[in-house]
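Please read them with the structure open beside the text.

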Amino acid sequence: MCSLLACGSVDEPVRFSTDWPTKSTDFEDISSRWTRRGVLRAPLAQQANQLMEIYATYLSTDWRAAYVDQQAGLQKLSPARKDELVEEQQASAKSHHELELLITTYYPEHNELHRKRSIWRVTLVDAEGNEIAAEQVARDRRPREIIAAEFENFGDFAEAYVARFPAVPELLSGKKFSLRVASSLGMVEVDWVSKK
């Protein structure tokens, strides 16, 4: 989706499902498929043309299953510990919609999505146009090298956030859903389209 001020990525369709996948998928491949990029641009008359760049990864059940397999291999997890990690990820997937947001802004003071009085409104939008407001947008406090190992688009000037939304089943029942990050400065919207 592109407009005068915002541009989002157009990517390949993905599998909308709350079911845990039965076969393993390469983590880098699945992470790439579930990641979207959007850019908020200022009018050309302004010196800072790119106000915000966002990489948003929806942590789908496919992503979570691939993450478990990757961590099990990297950490040589025992079968029991791997099962625990599967249970943790399944519980997280059922309790809320979750996205990892990597945000770079031209003005550092605008990179404050975690604040209670943030200038940014972060919502998911279902296929019918219904908005679901984020329950929480928190800084990802893990070490930067860990975040970079999981999310390849984590640049030197980016801030990482975890955005959590209510577990509304209808979000994954349509043909698409979107993430919208908006303020009086403009809006960035990126879409995920179903394979159906």
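Which residues are linked in a network of salt bridges? The points below begin with that network and then turn to individual charged pairs and to the aromatic rings.

1. The network of salt bridges is made up of Arg121, Glu131, Arg180 and Glu189. Please keep in mind that this is a predicted model, and that a search of the whole structure finds 15 salt bridges.

2. Among these salt bridges is one in which the side chains of arginine 164 and glutamate 98 meet at 2.7 Å, N to O. Arginine 164 is partly exposed, at 27% relative accessible area, whereas glutamate 98 counts as buried because its relative accessibility of 8% lies under 20%.

3. Strand β8 also carries glutamate 159, which is 20 residues from its partner, arginine 139 of strand β7 (residues 136-139), so that this pair, too, links distant parts of the chain. The two side chains meet in a salt bridge of 2.7 Å, N to O. Here arginine 139 is partly exposed, with a relative accessible area of 23%, and glutamate 159 is partly exposed as well, with 28%.

4. A further salt bridge joins the side chains of aspartate 140 and arginine 142, at 2.9 Å from N to O. Aspartate 140 is buried, with a relative accessible area of 11%, while arginine 142 is partly exposed, with 30%.

5. Turning to the aromatic residues, the structure holds 11 aromatic pairs. One of them is formed by tryptophan 34 and tyrosine 58, whose rings lie 5.5 Å apart, centre to centre, with 35° between the planes, and this pair is tilted. It links distant parts of the chain, 24 residues apart, with tryptophan 34 in the loop between α1 (27-33) and β2 (35-41) and tyrosine 58 in strand β3 (residues 50-58). Tryptophan 34 is buried, at 1% relative accessible area, and tyrosine 58 counts as buried at 5%.

6. Tyrosine 106 and tyrosine 107 have ring centres 4.9 Å apart and planes at 80°, so this pair is edge-to-face. Tyrosine 106 counts as partly exposed at 45% relative accessibility, and tyrosine 107 is partly exposed with a relative accessible area of 32%.

Notes:
Residues numbered from 1 in each chain as written. Predicted model: local features only at pLDDT ≥ 70, side-chain atom pairs only at ≥ 80, totals over all residues. Heavy atoms only, no water. Phe/Tyr/Trp six-rings, centres within 6.5 Å; stacked < 30°, edge-to-face > 60°. Helix = DSSP H or I, 4+ residues; strand = E, 2+ residues; numbered from the N terminus. Buried < 20%, exposed > 50% of the residue type's maximum accessible area, 1.4 Å probe, protein only. Salt bridge = Lys/Arg side-chain N within 4 Å of Asp/Glu carboxyl O.
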